[in-house]
Amino acid sequence: MTDWTEIERWDRTYYLHNVQAQADYSFLAVDRADGNYIQLADGTRLLDFQSQLVSDSMGHRHPAAVAAVERAMARYGHVFFGMANEYRARAAKLVIEDVLAGEDWPGRLRVFASGTEAAESAMTMAKLYTGRPVILTQAHSFHGSTMGATWLRGYRNCLNPADDPDRVVDAPGFPSAGYIPIPPPEPIDAAVDGTLPSIAATEAIVRAVGPENIAAVITEPMFGAGGLMPHDDYYPALRELSKRHGFLWIDDEVLCGFGRLGEWFGYQRHPGIAPDLMVVGKGINGSLLPSGGVVASKPVAEYFDRARWWSGSTWDGHPLICASIVGNLEYMLEHDTLGRVREKGERVLAELTRLAGRHPCVGRVGGAGLYYAVDLVNADGEPIVPEDRYTGFTGDPARHPNNLIAAECARHGVLLGGFVPNTIKVAPPFTISDEEIDKGLSALDAALTVVDRAHA
Ligand SMILES: Cc1ncc(COP(=O)(O)O)c(C=O)c1O
């Protein structure tokens, strides 16, 4: 039997917590996680209606991925990237040939142990490929929380170009970090005629910075942490801009990739566009094990094929992570999980639309597939916490709409909230049943009434 009193003491005393200050810290201990449910230490069972961090897309411990890891563990622990392992090759083949079947842009996959590391790698690759220093990044977007490992500029992390093998290029090897913000996209329901203002403003920034200095723009298909579904015209226009000015597009699909928006990848919602580098993670293995990856387009992959490139981490292509990817993706492909996401998503969206009509505090519902952001507003139709997607955790967090919603949903046996104060992330696992959708949304219904009373 676990002694939860002792565990709480150790957790409170020795663990370095994120997000909450020690004084605010609430000890919410999970005893176990099965399928679509989390069981807390006090015996409470919560329906996980946000898939943890919009990450555990196939529910908890999906049997297909678990079985694949168990099989792999009978043969492998860790094998470093200098040696091949069966699952690394299988994972790459599955992603490039099967999941991305019919697409002619993808060249190669590399597997990492986090989405953050994958995003860092994609930016490094873009800088090495183009020889340029600047990355454009959208306001409100999120790509990870680390800084600086490659900027420490030790003797490692370098590339010898194929056409000049005696030259050593530091990676990233540029004198400044060079991140320049661009405006966020207009939301899905923005009334716009002609060019989106965000695109016009981005083009002005591109001209001011000089396209010859820009390696890439990095974007999210639907913002994860920020909970923002861009206007349908945004990505086709941004892609056109990047092509016209000759810089790369890094599409960060860590949160939306592998089915969340009802397509394998978010960019596929816009026919005719494809990225140069795609960052993946979370849903690639349903988050059973830490995961991340980069898919390089054929031209980018060919560039690195020709170079000697010292790069990577101890865990690149880890056999057990790759086995979890193989188990998860084979299951998703064989069971038409995308079809299921679309079908269940229609039910969720229909009910959310009904709730939006009934609750004055709902300003907008945006999303697709099984990921919807519900934006909460005050009586004037304005964000309740003024910083909105720029939140700085100001004021009394207990009164922030996301926390009011989370508390009320928990009372109804449902885990559901949001990371920014005014936006709720409805993102159930793809394994959700109709009855569970009804349970999750009826908890949200009750919670929206609380916000109506408090703020609208
Ligand atoms: C779009 C996006 N990129 C990158 C990351 C970072 O991934 P990880 O948490 O696996 O490091 C996240 C995590 O939420 C994300 O949503």
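Helix α3 passes helix α9 in a right-handed crossing. A crossing is right-handed if the near helix is turned clockwise from the far one by less than a right angle, and left-handed if anticlockwise. The model is predicted: local features need pLDDT of at least 70 and side-chain atom pairs count only at pLDDT 80 or more, while totals for chains, interfaces and linings use all residues. Residues are numbered from 1 along each chain as its sequence is written, and side-chain values use heavy atoms, with hydrogens and water left out.

Two packed helices are described by the angle between their axes and the distance between the axes. Axes are lines fitted to C-alpha atoms over the stretch in contact, and angles run from 0 to 180 degrees between N-to-C directions. Helices are DSSP runs (H or I, at least four residues), numbered from the N terminus.

Helix α3 spans residues 63-73 and helix α9 residues 319-334. Their axes lie 7 Å apart, at an angle of about 145°. On the α3 side, A64, A65, A68, V69, A72 and M73 make the contact (heavy atoms within 4.5 Å). The α9 side supplies L320, A323, S324, G327, N328 and Y331. Nine of these residues are nonpolar, three are polar and none is charged. Here Ala, Val, Leu, Ile, Met, Phe, Trp, Tyr, Cys and Pro count as nonpolar, Asp, Glu, Lys and Arg as charged, and the others, Gly among them, as polar.

Helix α5 (residues 115-130) packs with helix α8 (residues 298-306) at about 75°. The axes are 11 Å apart. The angle makes α5 roughly perpendicular to α8 (65 to 115 degrees). M125, L128 and Y129 of α5 meet P299, V300, Y303 and F304 of α8. The contact holds seven nonpolar residues, no polar and no charged.

The axes of α6 (residues 197-209) and α7 (residues 234-245) come within 10 Å and cross at roughly 20°. That makes the two helices roughly parallel (under 35 degrees). The crossing is right-handed. From α6, S198, I199, T202, E203, V206 and R207 take part. Their partners in α7 are Y234, A237, L238, L241, R244 and H245. This contact divides into six nonpolar, three polar and three charged residues.

The ligand is surrounded by S114, G115, T116, F142, H143, E220, D252, V254, L255 and K282 (a heavy atom within 4 Å). Polar contacts are pairs of N or O atoms within 3.5 Å. A backbone N or O atom of G115 lies 2.8 Å from a ligand oxygen atom. A side-chain N or O atom of K282 is also 2.8 Å from an oxygen atom of the ligand. For D252, a side-chain N or O atom lies 2.6 Å from a ligand nitrogen atom.

Terms used
Angles under 35 degrees count as roughly parallel, over 145 as roughly antiparallel, 65 to 115 as roughly perpendicular and the rest as oblique. A polar contact is a pair of N or O atoms within 3.5 Å; within protein, one must be able to donate a hydrogen and the other to accept it, and residues adjacent in sequence count only if both atoms are side-chain atoms.
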